[in-house]
Each structure stands twice: as structure tokens, then as C-alpha cells.
Amino acid sequence: MTESAELLTSEEMWLPAIQYEYLDHTADVQIHAWGDTLEETFEQCGMAMFGYMTELPYVEVKQTYEIEAEADDMIGLLYKFLDELLFMFSAEPNLICKKLRILDFNTSEFRIRCKCYGEEFQIGKHPQGTEVKAITYSAMQIIERTENNPFEVFVIIDI
């Protein structure tokens with residue numbers, strides 16, 4: 001994970017529409033995210049995870065961070081991507097993101113590089129949501145876009 005505190009452009013400050021929801025699941029929560037591209041869908045899934053941990057309108061974009069993930073297949077890449085984001089939040093300092101932007105998304109070599117926009121999580125400033133303990137492979141799905149439907153992912157997170 002690399003950190004920087006450069007000035008952000010207006011494009012970087014723009015926030016995408018929310019394209020995710022939380023589905024009931026026994027003892028855990030399932031994230032359902034969608035988008036016009038697979039990159040957008042992965043970004044939305046990551047944002048859903050952060051949105052479960054706190055209310056994102058309270059998060060300011062004060063710093064940027066970059067994470068990278070590699071895997072052997074697409075399901076593994078989704079898992080490793082989310083796991084890197086969760087590690088970023090769990091490590092000191094606890095970093096929470098308001099926005100994610102995938103910079104490199106290699107679907108043949110199963111590699112992601114992502115820029116994360118946010119700040120250090122602070123009790124009192126950021127409402128505490130539910131702690132995410134781990135990402136799981138259980139029922140993880142990536143659904144390819146069809147003519148009438150966007151890309152979709154389903155991920156169960158352990159809470």
C-alpha cells in the first residue's frame with residue numbers, strides 16, 4: 001500500500017452513483033454490486049464493504065492510497081482485491097475510503113491496481129457500522145454483462 005497527499009482534480013473528487021445493496025444472509029451479509037464494466041462493479045463492491053463499516057458521507061477525501069492484488073482467476077482476484085481493502089482498514093492507521101478507482105485491471109493476468117480516496121477512520125467523526133472480519137469465497141459470483149443486464153458480483157462478508 002502506498003500513500004500520497006497530492007492535490008486532487010475535480011474528476012477525482014467526483015463520486016459515482018451507488019450501485020450496490022446488502023442482502024440478508026444467515027449470520028453474515030451478502031453484497032450485491034453491479035456496473036457497466038467489470039472495473040466499475042469491483043469498485044462498487046469495495047465501496048459497499050466500506051459503506052457497511054461506516055456512513056460514507058462522513059468520510060472526507062484527505063489522502064489517496066494505492067493497493068495491488070493478484071490471483072490465479074477472476075474469483076480469486078475479487079477476493080484478493082477486497083481482502084487488500086479490508087487489510088488497509090484493519091492496519092494502523094485504519095484507512096476508510098469514500099471512493100475507489102481501478103487504474104489497472106488485467107483480466108488475462110488477474111491483476112488489479114486501485115487508487116483509494118479517503119482518510120483515517122476516527123471514532124467520533126465516523127459512525128461505527130458493523131465490523132467486517134473477513135471476506136469469504138462462500139457463494140462468491142461474478143456474472144458477466146448481457147444485453148439487458150449489467151455486470152454483477154455477489155460476495156458474502158463475515159461480520
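These legends walk through several close-up views of the predicted model. Because the model is predicted, local features are given only at pLDDT of at least 70 and side-chain atom pairs only at pLDDT 80 or more, while totals for chains, interfaces and linings use all residues. Residues are numbered from 1 along each chain as its sequence is written, and side-chain values use heavy atoms, with hydrogens and water left out.

**View 1. Helix α3 and its buried residues.** Helix α3 covers residues 74-90; helices here are DSSP runs of H or I with at least four residues, strands are runs of E with at least two, and both are numbered from the N terminus. From first C-alpha to last, the 17 residues of α3 reach 24 Å, close to the 24 Å expected at 1.5 Å a residue (the expected span is 1.5 Å times one less than the number of residues). Look for the buried residues of α3, among them Leu 77, Leu 78, Phe 81, Leu 82, Leu 85 and Phe 89. Buried means under 20% relative accessible area, exposed means over 50%, and partly exposed lies in between, with a 1.4 Å probe and protein chains only. A handy reminder for reading such a view: an α-helix has 3.6 residues a turn, so residues three or four places apart point the same way. At the start of α3, a side-chain oxygen of Asp 73 comes to within 3.5 Å of the backbone nitrogen of Ile 75.

**View 2. Tyr 79 stacked with Tyr 137.** Rings of Phe, Tyr and Trp (its six-membered ring) pair if their centres lie within 6.5 Å; planes under 30 degrees apart count as stacked, over 60 as edge-to-face and the rest as tilted. By this rule the model has 6 aromatic pairs. The pair shown here is stacked because the ring centres of Tyr 79 and Tyr 137 are 4.3 Å apart and their planes meet at 10°. Distant parts of the chain are linked by this pair, as Tyr 79 belongs to helix α3 and Tyr 137, 58 residues apart from it, to the loop between β7 (134-135) and β8 (141-143). Tyr 79 has 18% relative accessibility, so it counts as buried, whereas Tyr 137 is partly exposed at 45%.

View 3. Of the 7 residues in strand β3 (residues 29-35), 6 are buried.

View 4. The side chain of Glu 119 places a polar atom 2.7 Å from the backbone nitrogen of Glu 60 and makes a polar contact of 2.9 Å with the side chain of His 126. A polar contact is a pair of N or O atoms within 3.5 Å; within protein, one must be able to donate a hydrogen and the other to accept it, and residues adjacent in sequence count only if both atoms are side-chain atoms.

**View 5. Gln 19 beside Glu 40.** Gln 19 sits in the loop between α1 (10-13) and β2 and is buried, at 18% relative accessibility. Its side chain meets that of Glu 40 in a polar contact of 3.0 Å. Beyond neighbours within four places in sequence, the contacts of Gln 19 include His 32, Trp 34 and Gln 44, where contact means heavy atoms within 4.5 Å.

View 6. Most residues other than glycine have a negative phi, and most peptide bonds are trans. A cis peptide bond joins Glu 92 and Pro 93, with omega about -10°, and Pro 93 lies in the loop between α3 and β5 (95-106). In the loop between β5 and β6, Phe 110 has a positive phi of about 55°. Ala 139, in the loop between β7 and β8, has a positive phi of about 60° and is partly exposed at 44% relative accessibility.
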